[in-house]
Amino acid sequence: VNFALPLPLVTLTSDFGMSGGYVAAMRGVILGICPDAGLIDVSHDVRPQDINHASFVLGTTFWYFSASTIHLTVVDPGVGTDRYPILLVTPHDSFNGPNNGIFSHVLTAYGSTLSEPLPADVRILDDVQADVPDTCQAFILDRSEYWAETVSNTFHGRDIFAPVEGHLANGVSAEELGPPIPSLKMLYFPYPEARSGQIEGCVIQIDRFGNLITNLVLEEPIDVDIDVEINGHRISGISRNYQSGEGLLAITGSHGFLEIAYANDKASEHTGASVGTKVTVSFDSSDG
Amino acid sequence: VNFALPLPLVTLTSDFGMSGGYVAAMRGVILGICPDAGLIDVSHDVRPQDINHASFVLGTTFWYFSASTIHLTVVDPGVGTDRYPILLVTPHDSFNGPNNGIFSHVLTAYGSTLSEPLPADVRILDDVQADVPDTCQAFILDRSEYWAETVSNTFHGRDIFAPVEGHLANGVSAEELGPPIPSLKMLYFPYPEARSGQIEGCVIQIDRFGNLITNLVLEEPIDVDIDVEINGHRISGISRNYQSGEGLLAITGSHGFLEIAYANDKASEHTGASVGTKVTVSFDSSDG
Amino acid sequence: VNFALPLPLVTLTSDFGMSGGYVAAMRGVILGICPDAGLIDVSHDVRPQDINHASFVLGTTFWYFSASTIHLTVVDPGVGTDRYPILLVTPHDSFNGPNNGIFSHVLTAYGSTLSEPLPADVRILDDVQADVPDTCQAFILDRSEYWAETVSNTFHGRDIFAPVEGHLANGVSAEELGPPIPSLKMLYFPYPEARSGQIEGCVIQIDRFGNLITNLVLEEPIDVDIDVEINGHRISGISRNYQSGEGLLAITGSHGFLEIAYANDKASEHTGASVGTKVTVSFDSSDG
């Protein structure tokens, strides 16, 4: 017995909510296979069937877990259809879930690039195909000996992903669980676009305080004379925190992205913005 | 020291929600008595005072936990009245909670039968009395030496059930906690009724996606030519998953029961059905 | 290796909700520093930015945890402003959070007294200054070597409080984390006031069942002939439980405080009461 061995750490993310027994069933299955697993909930309040929400939560959280953590992620509107269950192994930790774009933010973090040219009519959140980065590997989870004996058509979280998670926590290697796959589905967002004195991005997520999180990362030290524009609203300067100012504020949020907040209220309601709404940062303000 | 001993596993189910400290107080009490207990939440978002909801969540979840798990279940509108605190011991695991019907689904799973003839005017969810099955045992938890020193009238979860749970996790035997009891309260649902070419059941639960879960279990392989009728809506055939079709779908859900879903929407709203609404399956469709 | 050492127990309280990755990030950071920590959620559904709610949840829950538990509490509308991060050490356990009144109930429990005369125009929930009681100690958490390498302006839960919590769980002493501080912020509530045959208090919290929790503690055995008055509603006598009566009930709640409930409904809606609403108990009822 090696007492230095830490608990294999397992996180769970889903849109199952906590009003039914769905999450508990997954927990029971994992602990039935690996009783020593340390189970940590990331979130089960992902908005129902909102793959982009799950992808964002996961992509902004996994950094804070120790390497070798295994993340179980089940937001899976296509359960029972032909989308694959997959395992994504990165230099930091591993991710187990459906191939439906749920790992978009993780793949982006590791520098994944598109596998094929974008369709001309591509829209935000459309499915596109992205290469698994060189530093990572992905596997199709098709070895049914690591699944539940009976697999339902509607709850692969319990019948496929949780058993696989338990076996991974027990030390089964990724290679034993299925064959490699070179590219994965990704949800489309345009890259931020720099123009003369401006950079244009978009809202990629709205948190429960109504803060608008963009895909713009401003270089430190931040020029406080910049202007931010969204849906016809103009914000002058970058605030240090949610209380330094009135009305709409631009701020570098805890995820590192430019956020638009509203002092003691919801920026989402004050701007009418939603995921995909354009956000423009001007470094050379006409007012300045 | 025996390193092979697994943590005693304890699950918690309640309608306390997570906005107050009620659940935390129970966790603290259990860990104060048995610091090694592994605590797993089943749900604290049971609809307030909805015993049938708790019974369903518990009855469809306990299978997935290892035998010897002890389930603490407190949805207890009658707290402080003369309903008993009880312990139900089954061949698989143990259940600790008020005698108010919260173990109905578990008792049904073990083949419990009614202790007395049904009243002529019995209605769905009425209290009836059911025998503890031969393979199980039940005990009244009346030994106050295993309770908190002071017992409130309004929070037996913290003052009776959690301390008892801690002592059970520490290895105290069921017999030490109180005397046996031969029958328990059960919430009434009619058994599914078979007629010529038809079977009639009812909705027993509605999940957070608005799916209607019935008490009908169809034999595999399922004849896909069946018709399902609910509140005047007719569904032809059984779908494999939530995305194979449009509008109302009939599907074998993850609990094994026939479910009625609506593609990307709430079947509960489209049908106006509630718990108790009749559902008829016709094997000999007049269209077929 | 000392096998008798229990897990260092850590509780978490916040208003982050579970729909984002905020709580998970804190959990990951704590476990990254102290992999053996036992993490217990008190609540992450504290009403957003409601310091009084957090203070109440914490103050009515900490008793049930074993001494040496460390409570991480982050409801922090002033994050990034000059409010201090602090550690409050009591004879029972320790509390780690912002100096914004979040420890008001804990300080009251230990007999804290005001540091200065009340302003004439003080209102309920205003900030006042209270001495750290003699049996306790408080420290400003200003040693950045125990923080994250990079500290955001908007998420000190992850970047300051969680790392400090991890180091405390690892055995770092309070004195190493920063200098002592003699007084802390407290949210103002008037003390209950006794007059001839009456005592007047107020509502200090409303729970999710709509029960009104007051700051009145009645001496046992309670004279059941008392009258309770709130917002023009009069309640005769004290009930033993939530089901013994109809309409408005007065009851000694599980926190030990006088509560006003409504049988099978919300007292908050029936009375229109809110935090601060006066409640008068008359021991010499004019009806009696």
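Which kind of contact joins the side chains of C:Arg27 and C:Asp41? I start there, and the reply is that these two side chains meet in a salt bridge, with a nitrogen to oxygen distance of 2.3 Å. Since C:Arg27 belongs to helix α1 of chain C, residues 22-33, while C:Asp41 belongs to strand β2, residues 38-43, the pair ties together parts of the chain that are 14 residues apart in sequence. C:Arg27 is buried, and C:Asp41 is buried as well. Please keep in mind throughout that what we are looking at is a predicted model, and that the distances I quote are computed from its atoms.

Let me turn to chain A, where A:Arg27 and A:Asp41 also form a salt bridge, here with the closest N and O atoms 2.2 Å apart. A:Arg27 sits in helix α1 of chain A and A:Asp41 in strand β2 of chain A, residues 38-43, so that this pair, too, links parts of the chain that are 14 residues apart. Both A:Arg27 and A:Asp41 are buried. Over all chains, the structure holds 28 salt bridges.

Another of these pairs is in chain C, where C:Glu200 forms a salt bridge with C:Arg195 at 2.3 Å between the closest N and O atoms. Are the two partners buried or exposed? C:Glu200 has a relative accessible area of 16%, and because the cut-off for buried is under 20%, C:Glu200 counts as buried. C:Arg195, on the other hand, has a relative accessibility of 43% and therefore counts as partly exposed. In chain A, A:Arg195 and A:Glu200 are linked together with A:Lys278 in a network of salt bridges.

Along its principal axes, the C-alpha trace of chain A spans about 65 × 40 × 35 Å. Of the 288 residues in chain A, 59% are buried, and among the contacts in chain A between residues at least 6 apart in sequence, 67% join residues at least 24 apart.

Next, the interfaces, beginning with chain A and chain B. Here 30 residues of chain A are in contact with 26 residues of chain B, and the area buried between the two chains is about 2300 Å², with carbon and sulfur atoms giving 57% of that area. On the side of chain A, the residues that lose the most area to chain B are A:Ser19, A:Tyr22 and A:Thr154, which together account for 24% of what that side buries. How many salt bridges are counted between chain A and chain B? The count is 0, whereas 11 residue pairs are in polar contact between these chains, both residues of each pair being at pLDDT 80 or more. Helix α1 of chain A, residues 22-33, gives the most to the side that touches chain B, with 7 residues. By class, that side of chain A divides into 14 nonpolar, 13 polar and 3 charged residues.

For chain B and chain C, the contact takes 30 residues from chain B and 27 residues from chain C. The area buried between chain B and chain C is about 2300 Å², and carbon and sulfur atoms give 57% of it. In chain B, the residues that lose the most area to chain C are B:Ser19, B:Tyr22 and B:Thr154, together 24% of what that side buries. The count of salt bridges between chain B and chain C is 0, and 11 residue pairs are found in polar contact across this interface, again with both residues at pLDDT 80 or more. Helix α1 of chain B, residues 22-33, contributes the largest share of the side that touches chain C, namely 7 residues.

With a relative accessible area of 16%, B:Ser268 is buried. Leaving aside residues up to four places away in sequence, B:Ser268 touches B:Ile206, B:Gly210, B:Leu212 and B:Ala273. The C-alpha atoms of B:Ser268 and B:Ser236, residues that are 32 apart along the chain, are separated by 18 Å.

Note on methods:
Residues numbered from 1 in each chain as written. Chains lettered and ligands numbered in written order. Predicted model: local features only at pLDDT ≥ 70, side-chain atom pairs only at ≥ 80, totals over all residues. Heavy atoms only, no water. Contact = heavy atoms within 4.5 Å. Buried area = accessible area lost by both parts, 1.4 Å probe. Salt bridge = Lys/Arg side-chain N within 4 Å of Asp/Glu carboxyl O. Polar contact = N/O pair within 3.5 Å; in protein donor to acceptor, adjacent residues only side chain to side chain. Helix = DSSP H or I, 4+ residues; strand = E, 2+ residues; numbered from the N terminus. Nonpolar A, V, L, I, M, F, W, Y, C, P; charged D, E, K, R; others polar. Buried < 20%, exposed > 50% of the residue type's maximum accessible area, 1.4 Å probe, protein only.
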